[in-house]
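Okay, thanks everyone for coming.

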Amino acid sequence: MRAGSAGRADRPDAGEAPEGVGSDLFGELARMVAALSEVQGLRSFTLPYPGLAQRALDHTVMRCLDAGEAPPRSLPELWEWCRTRPSDDPLFAVPSSLVSPGTTLVHRVGRMPTRSCLEVASHGPDGGVAAHARALLGDLHARSGTEEHYRQCLAFLSRHPVVHQQDRFAPGWNRAVWSRVKNLYGPLPEFLFVDGDFLYCPSCRLPALPRDSAVPVPGPSGTGAEVWCEGEDCPRDAPPRLIREPDQAWILQRSLRWYLVLPHRTDEAAREALERAEVAYDTLPGPLPAYRLRDTGPRIVDIQVYDRLQPALLAAHLTDNTPLADRTLVVVPDALAGRDGYRQAFTDALPALLRDRLVLTTPMDLVPDLGQARREEKDA
């Protein structure tokens, strides 16, 4: 952001962000929210604030002064500001071609980072939350010794975002796998407690928080939009489940909950679709769910699985890490792909040369899209 004080005559009208300045600030705030959300007692921060928080606050104040608006006066106020100011607010003016309009960085109910916040924070040279997850998984791969052991560990992590002491005595518990992955877990953070209990979503099994910080009772009042979970868009016909002895449980690091646990259900659905259709495939090495189809002739056809809310950021990630295959089917949840404009935003964000090589699909459409791809190859 500009630090100088050039004459007002060449500046935009109040409230209108100079090109790129608002987007840069939005990205900086996303990285701040993602980092500080892991700190205990966030709302009780006192001066001096952590360096990245102070810089983000200073830049926000400067932007507000340029725009003629009252700035946040403290870090708790800035946190609330990130809950109410969307990406298309004139102070940010983030293009809709990058982030969906209405995107906020802090969830209105949970007051924790939104999934979009983590995606924005991972968009850039340092890779943010995604880079942290990849580093953790790279270390796990090195410690696992064999690809089979590593895959066992990934399956365990995907299915166990939270582990309770009692789980270790249940039938089928794999002590060898636990010994490799236990360093990726930590104590349940107190800022996720509700009346001394820990709540998690029955659908995604990720942390949950109610609006009023009270344990929801069974029934309709506990199943609506007044409960936040890290999955955000989970179908929920039951209230969150409780762990009443949170000191006896461990939680997977947040970057892995987002990067590995969230796409797990989509990955399972995609593999089930392939197996029902008797489509042969091999698992590709790497941290993300990815597969290479067999019997595709001279062309290489891969499948990659994601669960990302922002289609343009997903396209940007794939562009920066262009798959080597002749065609890659990018599988996302059916509900996401069905959102108005999601598919078009993904395609529009891809360079023209990649639009035929990267095909967005879903577990439900995966096999039909494979058939279409094969017919196109025969006709070529």
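Predicted model: local features only at pLDDT ≥ 70, side-chain atom pairs only at ≥ 80, totals over all residues.

W81 is in helix α3, residues 75-84, while F92 is in the loop between α3 and α4 (115-121), so the pair ties together parts that are 11 residues apart in sequence. Both W81 and F92 are buried.

Next up, W178 and W250. That aromatic pair is tilted, at 6.1 Å centre to centre and 55° between the planes. This one links distant parts of the chain: W178 belongs to helix α7 (residues 175-181) and W250 to strand β8 (residues 249-252), 72 residues apart. Buried or exposed, what is W178? It's buried, because its relative accessible area is 7% and the limit is under 20%. W250 comes out at 23%, so that one is partly exposed. And if you zoom out a bit, W178 and W250 are in one aromatic cluster together with F156, W173 and Y185.

**S37 and its surroundings**

Now please jump to S37, in the loop between α1 (21-36) and α2 (51-67). With a relative accessible area of 3%, S37 is buried. So what does the S37 side chain do for polar partners? One of its polar atoms lies 3.0 Å from the backbone oxygen of A34. There's also a polar contact of 3.0 Å between the side chains of S37 and R254. Leaving out residues up to four places away in sequence, S37 touches W79, M112, P113, F191 and R254.

**Two positive phi angles**

Last thing, the backbone. As a reminder, most residues other than glycine have a negative phi. Which brings me to R205: not a glycine, yet its phi is positive, about 65°. You'll find R205 in the loop between β4 (197-200) and β5 (207-210). Its relative accessibility is 27%, so R205 counts as partly exposed.

E278 is the other one I picked, again not a glycine, with a positive phi of about 55°. E278 is in the loop between α9 (264-276) and β9 (281-283). And how does E278 sit, buried or exposed? Exposed, because its relative accessible area is 74%, and the cut-off is over 50%.

That's what I had, happy to take questions.

How values were computed. Residues numbered from 1 in each chain as written. Heavy atoms only, no water. Helix = DSSP H or I, 4+ residues; strand = E, 2+ residues; numbered from the N terminus. Buried < 20%, exposed > 50% of the residue type's maximum accessible area, 1.4 Å probe, protein only. Polar contact = N/O pair within 3.5 Å; in protein donor to acceptor, adjacent residues only side chain to side chain. Contact = heavy atoms within 4.5 Å. Phe/Tyr/Trp six-rings, centres within 6.5 Å; stacked < 30°, edge-to-face > 60°.
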